[in-house]
Amino acid sequence: MKRHAVLWSLIVLAVAMLAPFVIVALNALKTPAQYASGGPLALPTDITFQGIADFWDRVDFGRKLLNSFIISGSVAVLAVVVSVLNAYALGIGRVRGRLWILIAFLVANTLPQEAMVYPLYFLAKVTGLYDTQLSVIVIFTIVQAAFGTYLLTSTYAGFPHELLEAARIDGANKWQVLVRIVVPVSRPTLGVLFVFSFIWTWNEFFLPLVLLISNDTQTVPVALGVLQGQRLMDATMTSASALLGVIPAIVFFLIFQRTLTRGITAGAVK
Amino acid sequence: MITRTVRERGSYLLFLIPGALLLIAVILVPFVMNVGISFTRWQGVGDPQWTGLDNYTRLFGDSTFWSSFQHNLALVVAMAILPTAAGLVVAAALFDVIGKRFGPRAASVLRACVYLPQVLPVAVAGIVWSWILAPQGALNEFLGLAGLGFLAQNWLGDPDIALWSVMGVLLWIQLGYPVVIFMAGLQRADPSLHEAAELDGASWWGRFWHVTVPQIRPEVFVVLLTCTIAALKVFGPIYVLTRGGPGGATNVPSYFSFQNFFEKTQVGYGAAIATVLTVLILVLTAVFLKVQNRGERA
């Protein structure tokens, strides 16, 4: 009996966690008139995608999605590359002073973006990178690589020594060892790092809000956040915007779960 | 031989060049510039005027600054302390009761439900909630239907309640993170200790407190540290939910510095706020790591 009480209280918790998503989806499918008569909790009587379509056109949502994909995808690829290079030197090359270099990257990961934002804004204006996606890509490459360096260095410190030795005896130089041995063997971890970097960059708000101001460069969260701040939308349009913001996150969530499991099991088999 | 290893190691330094250059250009130089700016009066255009410690003395007499830190403490409770405490109970219940009696599939589905808010962009989570918490929003409507209409509030517009509402939203966002980390930790923990305690007749609560929690202490430390840092940096939810209002009732250092940088163009003052926030975060990180180190050695 007691364990059923535990089960039911956890189900109630799960429903409470999901309720906001359900309410948003319900109202995104209503007409404004229906919302006005039934309020936010009534079920939609006839489902319409008009609110979503209107919002999509109004903010050019396809463009925002593309921007977010370009930025997050580039950052994820570059952050993995930079992390691999760093971790190869620190974990396998064991360069001198590696502990301090690692601490420098960790501190970089901990610093609040508020303490860099104005100089970055200023420098971006001086170099002509203000309001370009390149500026955001460069910044988040190192922000995510700081975490990736930390994660990968501990993985590479335990890299099977025999594999490296065998390749060296075959006459491979450092670059060849990295590309032919280290990267393929650590692919599962690199996959996890890629996914994390992608999602974290997708969700970033503060620096993209400051650096990206025009319609052609803004990401999904920035565009939605700015629009929300202007308080110009009616209730159904707000829920349509929230739903459009939620959907990519849920899609990534499903992909992310699989990758993570793959990463963990691959690590266990080793 | 020795010279060879030195040269061997030396050439690995080449691999650090891209990361090091980016670190210097994007993190280190801007950070040092920010500290420099904090000693000046500057509107963002023209030449900054050196004013020494003026910004800092002004800061310590500024009640907005102090109240923003008080609000930050409340957010630490909402984002670090409560999620850790609740996360321990939920993770243990999912692992011990649901996973063992109802199957791992049920446990992972429930875990996924609790974790879902974590993958949302915080700005989007803010939009979802600002709409639910609006005066005519879903929460007040729900209270009315449940016969609790007298509880209806202007959740984000009332200065006495807004901070509590923000705390609730952050708890909703944050809870999934400790649950997932703790469940992974419990899988690593040794089940025989747990079974021994059960045979000795220890209650569920006794086993939870004396066996489960000590075994995942490293995870608890990591979660407390990362969540506390995240709470000190909170910006997106405040920007979307309340803009620091009403009347500064939910202002936090991060948003306060943003206001000074970009709305009031008091760049030097904003830089001073950001610098204080940074020092606080670094000190806190160092203390946490030190305590954790001592705990591991003991």
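Figure 1. For the model, ipTM is 0.85 and pTM is 0.87.

**Figure 2. Chain A is built from helices.** It has 13 helices and zero strands. Along the principal axes, the C-alpha atoms of chain A fill a box of roughly 75 × 65 × 30 Å. Of its 270 residues, 44% count as buried. Take the contacts in chain A between residues at least 6 apart in sequence: 78% of them join residues at least 24 apart.

**Figure 3. Chain B holds both helices and strands.** The count is 15 helices and two strands. For 298 residues the globule rule gives 19 Å; the radius of gyration of chain B is 24 Å, well over that value, so this chain is more spread out than a compact globule. Its C-alpha trace spans about 80 × 75 × 30 Å along the principal axes. Buried residues make up 42% of the 298 in chain B. Among contacts in chain B between residues at least 6 apart in sequence, 70% link residues at least 24 apart.

**Figure 4. The largest nonpolar core includes residues of chains A and B.** This core has 155 residues. Those that touch the most other members are A:Tyr88, A:Ile139, A:Ile142, B:Ala91, B:Leu94, B:Val124 and B:Val128. Helix α4(A) gives the largest share of the core, 15 residues. A:Ile142 reaches across to chain B. Leaving out residues up to four places away in sequence, A:Ile142 touches B:Leu22, B:Leu23, B:Val26 and B:Ile27.

Figure 5. The buried residues of α8(B) are B:Ala162, B:Leu163, B:Ser165, B:Val166, B:Val169, B:Leu170, B:Trp172, B:Ile173 and B:Gln174.

**Figure 6. A:Arg94 has a positive phi in a loop of chain A.** Most residues other than glycine have a negative phi. A:Arg94 is not a glycine, yet its phi is positive, at about 45°. The residue is found in the loop between α4 and α5 of chain A. A:Arg94 counts as partly exposed because it has 14 C-beta neighbours inside 10 Å.

**Figure 7. B:Thr265 has a positive phi in a loop of chain B.** Its phi is about 45°, although B:Thr265 is not a glycine. The loop lies between α14 (253-263) and α15 (267-297) of chain B. B:Thr265 has 13 C-beta neighbours inside 10 Å, so it counts as partly exposed.

**Figure 8. B:Phe221 sits in helix α12 of chain B.** This helix covers residues 217-232. With 17 other C-beta atoms within 10 Å, B:Phe221 is partly exposed. Its contacts, leaving aside neighbours within four places in sequence, are with B:Phe288 and B:Gln292. B:Ile132 is 89 residues from B:Phe221 in sequence. In space, the two are 34 Å apart, C-alpha to C-alpha.

**Figure 9. Residues 1-7 of chain B have pLDDT under 50.** For these residues the model has zero contacts beyond four places in sequence. Where pLDDT is low, the predicted coordinates should not be read in detail. Chain B as a whole averages a pLDDT of 86. In chain B, 95% of the residues score at least 70.

Key
Residues are numbered from 1 along each chain as its sequence is written. Chains are lettered from A and ligands numbered from 1 in the order in which they are written. This is a predicted model: local features need pLDDT of at least 70, side-chain atom pairs count only at pLDDT 80 or more; totals for chains, interfaces and linings use all residues. Helices (H or I, at least four residues) and strands (E, at least two) are DSSP runs, numbered from the N terminus. The radius of gyration is taken over C-alpha atoms; the globule rule is 2.2 Å times the number of residues to the power 0.38. A residue is buried if 20 or more other C-beta atoms lie within 10 Å of its own, exposed if 12 or fewer, and partly exposed in between; C-beta atoms are placed from the backbone. Two residues are in contact if their C-beta atoms, placed from the backbone, lie within 7 Å. A nonpolar core is a set of buried Ala, Val, Leu, Ile, Met, Phe, Trp, Tyr and Cys residues joined through C-beta atoms within 7 Å. pLDDT is the predictor's confidence in each residue, from 0 to 100.
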